[in-house]
Amino acid sequence: MTELTEIPPIAFAAFASLSDADCHARIVAARASLGDKAVILCHHYQRAEVYQYADLTGDSLRLARLASATNAEYIVFCGVHFMAEVADIMSGPGQIAVLPDLAAGCSMADMANLAKVERCWRELAAVLNAEEQVTPVTYINSAADLKAFCGRHGGIVCTSSNARAIAEWAFGQREKILFFPDQHLGRWTGHGMGIPFDEMPVWDPDLENGGLTPEQIRQARLLLWKGHCAVHQMFQPAHIHKFRAEHPDGLVISHPECCFEVCQLSDHVGSTEHIVKIVKDAAPNTRWLVGTELNLVNRLAGEVKEQGKIAQFMSPIVCMCSTMQRIDPQHLAWTLENLAAGHVVNRIAVPEHEAVPARLTLERMLAAS
Ligand code: CIZ
Ligand code: SF4
């Protein structure tokens, strides 16, 4: 292992005003000197200027699995905070996860936190036997301490690829699910399982008892935490109606973080991995309206163009994930140069007391999906 020094010799300030072209030369040089000691992971939502440096690409879970299968000491995660945490949890003891900009969070993940979830659990326990009747399920877009909460309470993690299989597992354990933080993924999954809306009430964490009566809590099968993704909520039914009027043969594909009406109007609904696969495998000369983050859609559009396929962004308004955008060539160059000099910056290290139960839920998820 590389010997680590305490103070990073290079401050970010020296990189802030570099042009992307200047960064390019420095990223390539630092990358070359690190060799297979480092692996650069890029999520589908990363901007093109960063994505070009990826060794591995995919959704958060695929990336964490791929990275832990390497011998790389440094896992440089170009994505958001919870993803780097998952990479840290899933990787070996000698591997170090690094997030080039610590400000790259996820506003949806921040809509649930441990204090609020614990309060919810206490409030549920006043009405039900929560430990026997409710399985907590957290979307992978959540902080490690919430995954740990699920680990301690017989719960599990899901991703947008496996939400249905995980919900089936959870109902196999207990009669109800508490699903956080994304109400839309929860609702779409519950709807697919035939659960009526009145058995899927929204739990508002800012209200006493989630804003529900004891009767509503007792009747609920799936409690949906009041959280959402600010990017995916931009997509609206009107965008789909307009597209269908203009292109009657066109096809619509959406991410399940979109609202229920958008999912219902779509021909396909699925995770980023699913969206990429469906559009790439589609017949030549098809036209697609895609409801997910703009960087993914632009990249996909370029990749399928040769087959005469058109992939167009669902919203007329540009809506990127602003936190994903925080990872830029400047931060990547800064991170890699420090690592090449033996200085770890922006390490994401989940404390052991959280990592152990969080790993348990992630392993449960892998076994159940
Ligand atoms: O898990 C991921 O990578 C996210 C955030 C979305 C998806 O559908 O892949
Ligand atoms: Fe979070 Fe939404 Fe950005 Fe995904 S697109 S990382 S859910 S804010």
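A polar contact is a pair of N or O atoms within 3.5 Å; within protein, one must be able to donate a hydrogen and the other to accept it, and residues adjacent in sequence count only if both atoms are side-chain atoms. The model is predicted: local features need pLDDT of at least 70, side-chain atom pairs count only at pLDDT 80 or more, and totals for chains, interfaces and linings use all residues. Residues are numbered from 1 along each chain as its sequence is written, chains are lettered from A and ligands numbered from 1 in the order in which they are written, and side-chain values use heavy atoms, with hydrogens and water left out.

**View 1. Polar contacts to ligand 1.** H43 places a polar side-chain atom 2.6 Å from an oxygen atom of ligand 1. For S160, the distance from a polar side-chain atom to a ligand 1 oxygen atom is 2.6 Å. For H255 it is 2.5 Å. The residues around ligand 1 (a heavy atom within 4 Å) also include D59, S60, M83 and N141.

**View 2. The shell of ligand 2.** Around ligand 2 are Y45, C106, S107, M108, N141, C229, V231, E257 and C321. By class, six are nonpolar, two polar and one charged. Here Ala, Val, Leu, Ile, Met, Phe, Trp, Tyr, Cys and Pro count as nonpolar, Asp, Glu, Lys and Arg as charged, and the others, Gly among them, as polar.

**View 3. V137 in strand β5.** V137 lies in β5, residues 134–139. Strands (E, at least two residues) and helices (H or I, at least four) are DSSP runs, numbered from the N terminus. V137 is buried because its relative accessible area is 2% (buried is under 20%, exposed over 50%, partly exposed in between; 1.4 Å probe, protein chains only). Leaving out residues up to four places away in sequence, V137 touches C150, I156, C158, I166, A170, I177, L178, F179 and F180. Contact means heavy atoms within 4.5 Å. F149 is twelve residues from V137 in sequence, and their C-alpha atoms are 9.7 Å apart.

**View 4. The cis peptide bond at P181.** F180 and P181 are joined by a cis peptide bond, with omega about -5°. P181 sits in the loop between β7 (176–180) and α10 (183–192).

View 5. N285, not a glycine, has phi near 65°. Its loop runs between α14 (272–281) and β12 (287–291). N285 is exposed, at 62% relative accessibility. N346, also not a glycine, has phi of about 55°. N346 is in the loop between α16 (329–340) and β14 (347–348). N346 is buried, at 17% relative accessible area.
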